[in-house]
Amino acid sequence: MGKKYEGKIVDIYKNYGIIKSIIDDHEVTVHFLILPDMITDGVFQMTETIKYQMKNIEIRKSKVYVAYNLENIVDLEIKSWKLSKHKFEKIITDDHYTYLFKKMAGNDHDISQENLNSLIKYDKQAKEFFLKWILYIESQMKDTLIYIFNKLQISTTTIYRVLKGNGKTKSIVDRQFKFVKSEFMFKPEFSTLSLKKSKNDPNDIVVSDCPIPLFLETLSLNELGEVLNQILQKIDLSNKKTHEKYKYLYLVKESFLELAFIRNASAHGNPLIPIVLDNSFNANYLYEMASAFPSWNSKESVEKWELFNFIRFTARSLYKQGIPLVDAGSPQLSALAFTKSLLINPAKRSFFMFFFVMLSTFEYIDSNNEEEFWNESTFFIHSILGEEVTRNYFDEFPNKQYSVKTKLTGLVLPLISYRTFEHGSMFKPILEASMNIPQKKYLVEM
């Protein structure tokens with residue numbers, strides 16, 4: 001039997017409710033599902049204070065505690081709740097964008113249709129920015145892998161043997177081999193493939209090997225990330241000929257996979273900026289943020305996250321300048337709270353990781369496009385050198401002090417602080433020291 005908690009039901013909506021509790025001296029909120037058999041004649045009935053158990057589930061790629069096995073408390077009055085709908089339900093049905101921006105503004109804040117149209121237009125333009133630069137990142141990643149393979153003379157036989165040693169990447173290889181066969185059959189590229197007779201059809205062939213550029217050409221962001229991770233785990237790429245490029249791959253190997261969220265939202269036309277800034281995107285937000293300490297979590301340990309040490313070091317540096325990442329009382333608590341807020345919202349984390357990968361790319365691979373990138377980014381974050389390039393309604397919504405631009409700038413402050421004149425040369429050494437890059441990982445014969 002799991003542990004029982006006590007709490008007060010504070011909100012009831014159609015399909016779910018919210019409980020407020022004191023757990024281990026922390027005030028928290030926990031959501032629960034309202035199942036059909038919990039409703040009688042359209043009414044949910046329970047004592048206002050109840051007992052319940054908690055279990056951990058995954059919602060929107062985040063770990064969340066939910067309450068279940070709700071029990072009335074004996075001798076307390078039974079209360080009846082009508083299953084109310086959110087004020088914005090009609091807006092959700094008509095236009096999800098409108099709902100999200102109205103939610104950001106607050107229930108009592110009126111937004112003109114003109115301003116709503118501007119916000120939606122700016123969000124769509126921001127997504128065009130992300131798509132452009134994520135394609136740039138993908139291209140740099142593929143070029144870097146090809147460069148290292150060539151420099152170290154790693155054979156395709158070795159690469160595909162390693163990839164086929166893992167279930168996920170084996171399926172990627174099999175799928176890509178089928179693709180290159182159909183895509184290039186009887187074209188000049190077909191002569192570059194190695195073929196063998198099909199086991200299923202004696203009059204057909206299958207691809208057994210192909211040049212790496214053709215293999216990488218059409219990999220999705222997720223597939224490229226999986227391939228990168230498997231290669232780094234099983235093949236040593238650390239060599240004086242490739243050292244900087246190897247460090248780049250190692251530093252971004254986990255972050256690269258995080259870009260999928262922001263890439264997919266941008267490509268599929270989904271709202272983006274409102275989701276990044278939506279703390280309630282994770283239903284567990286008010287539970288997690290009840291304490292910054294790592295021991296208080298729903299299975300997402302802050303201290304184990306790969307970038308925590310980097311954020312902690314940066315938080316100390318900024319704190320000395322009177323710039324806390326989060327106003328939490330100390331540099332350590334500031335770093336913990338900031339990191340936890342990233343971990344519990346995959347959209348926010350993806351936004352942060354996008355800038356992290358971009359900075360790493362400019363630092364290790366190619367800095368030619370850096371000025372263009374930062375100039376374009378001022379569409380939705382403040383200029384890092386203090387000179388605004390693009391002003392729009394993001395500067396004022398929902399208000400000038402806590403505008404969209406100000407909030408988004410705060411999300412990447414640990415990164416863009418290294419692009420000021422005072423700290424311009426510190427990003428690389430601090431990053432490498434905090435990430436503890438391994439120098440030798442010989443795990444297969446080349």
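Author: Helices here are DSSP runs of H or I with at least four residues, strands are runs of E with at least two, and both are numbered from the N terminus. The model is predicted, so local features need pLDDT of at least 70 and side-chain atom pairs pLDDT 80 or more, while totals for chains, interfaces and linings use all residues. Residues count from 1 along each chain as its sequence is written, and side-chain values use heavy atoms, without hydrogens or water.

Reader: In which helix is T314 found, and is T314 buried or exposed?

Author: T314 belongs to helix α11 (residues 308-320). Its relative accessibility is 1%, so T314 is buried (under 20%; exposed is over 50%, partly exposed in between; 1.4 Å probe, protein chains only). Beyond four places in sequence, T314 has contacts (heavy atoms within 4.5 Å) with P414, S417 and Y418.

Reader: At what angle do α13 and α14 pack?

Author: Two packed helices are described by the angle and the distance between their axes. For α13 (residues 346-364) and α14 (residues 370-377), the angle is about 155° and the axes are 11 Å apart. The pair is therefore roughly antiparallel (over 145 degrees; under 35 is roughly parallel, 65 to 115 roughly perpendicular, the rest oblique). Helix α13 contributes F354, F355, M358, L359 and F362, and α14 contributes E370, F373 and W374.

Reader: Where is confidence lowest?

Author: Where pLDDT is low, predicted coordinates should not be read in detail. pLDDT is the predictor's confidence in each residue, from 0 to 100. The protein chain averages 86, and 91% of the residues score at least 70. Confidence is lowest in helix α1 (residues 89-94), at a mean of 54, and highest in helix α4 (residues 156-163), at 95. Over residues 440-446 pLDDT stays under 50, although the model has 19 contacts beyond four places in sequence for them.

Methods: Axes fitted to C-alpha atoms, helices over the stretch in contact; angles between N-to-C directions.
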